[in-house]
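Subject: Structure for you to look at

Hello,

Here is the structure I said I would pass on. My notes follow it.

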Amino acid sequence: MSTLTAVRSPAEETRPRPAYWSTKRRDRLTGYLFIAPQLLGTVVFVLVPLVLVGWYSLHEWNVLADTFDFVGTDNYQRLLDDPKLPSVLRATLLFSAGLVLLNLALALLLAVLLNQKLRGTTVFRVLFFSPVVVSLVAWTIVWHFMLQSNGGINGLLDTIGVQGPNWLRSGGTAMAAVVVVQVFKNVGLNMVLFLAALQGVPQDLYEAARVDGASRWTAFRRITLPLISPTILLTSIITVVGSLQVFAQIAVLTQGGPGTSTTVLVYYLYQQAFQFHTFGYGATLSVLLFLIVLLLTVVQWHLRKRWVFHEQ
């Protein structure tokens with residue numbers, strides 16, 4: 001039996017080994033270093049708090065009594081038995097639905113109007129966008145004074161002989177007032193996004209539609225809406241998530257009143273955790289809020305295949 005042995009040539013013996021820090025590995029390390037701050041921030045400020053909230057929801061934590069007791073699923077049972085929760089969820093639904101519909105509709109209308117080649121459109125763009133950069137608390141405080149029974153809104157109504165209500169203390173107008181204040185605050189952001197999308201629509205499509213005898217409404221419905229549908233999806237997700245996280249407006253304008261007519265889920269969470277000092281139940285409400293936001297986002301993302309252009 002003979003054995004075969006590999007014989008290295010002198011060139012192979014003197015060839016240097018590949019360097020450990022090859023170009024591929026350096027590029028990979030560079031990529032990891034670039035995403036490290038964002039990844040670290042996501043872990044520290046998103047994932048860790050989510051885990052802690054889930055852990056706290058299994059405990060009853062009273063900082064005044066300095067107790068931290070494991071109660072298992074008692075907080076979740078309390079959530080199911082909470083008599084105020086249906087009205088809180090109803091107020092949250094009304095606020096979110098009103099805000100999303102009014103915000104998107106008004107933002108799209110303003111974007112279409114300001115997309116025209118007319119004099120002065122730049123001034124109106126700045127005018128409608130300026131509330132976005134204004135401090136939220138300052139904006140809400142100003143509207144709080146304007147919406148009082150002797151405020152600026154009723155003062156204007158008095159000039160035409162109309163007796164205005166106390167907008168923030170009447171169950172029929174408090175929710176509408178809060179929604180309108182929030183719409184005026186953030187409509188400029190969606191308007192800019194829609195405006196950018198509209199300016200990206202090819203003009204030759206409109207010219208071809210005019211040649212075919214299509215009306216403006218038909219061109220808007222058949223050309224504009226499909227081509228800006230990805231932006232509509234983006235703005236709808238942002239607006240829905242933002243509507244479910246509203247707090248400062250409720251705290252400054254109505255404090256959840258009258259009654260619980262404007263007590264949305266985030267404000268109710270704040271009351272339970274920081275006013276009644278039941279942090280365990282507050283954490284349970286946070287878990288509920290997270291699940292609602294996650295569910296709505298996933299539903300919107302899956303429904304995009306039915307109406308978003310290029311996704312069908």
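The protein chain has a radius of gyration of 28 Å, whereas a compact globule of 312 residues would come near 20 Å (taken over C-alpha atoms; the globule rule is 2.2 Å times the number of residues to the power 0.38). Its C-alpha atoms fill a box of roughly 115 × 75 × 35 Å along the principal axes.

This is a predicted model, in which local features need pLDDT of at least 70 and side-chain atom pairs count only at pLDDT 80 or more, while totals for chains, interfaces and linings use all residues. Residues are numbered from 1 along each chain as its sequence is written, and side-chain values use heavy atoms, with hydrogens and water left out.

The chain has 13 helices and two strands (DSSP runs numbered from the N terminus: H or I of at least four residues for helices, E of at least two for strands). Of the 312 residues, 33% are buried, meaning under 20% relative accessible area with a 1.4 Å probe, protein chains only.

In the largest nonpolar core there are 53 residues, and Phe95, Phe194, Ile228, Leu265 and Leu285 touch the most other members. Such a core is a set of buried Ala, Val, Leu, Ile, Met, Phe, Trp, Tyr and Cys residues joined through side-chain atoms within 4.5 Å. Elements giving it two or more residues include α4 (85-114), α10 (216-243) and α13 (279-307). Leaving aside residues up to four places away in sequence, Ile228 touches Leu108, Ala197, Leu198 and Val201 (contact: heavy atoms within 4.5 Å).

Regards

How values were computed:
Buried < 20%, exposed > 50% of the residue type's maximum accessible area, 1.4 Å probe, protein only.
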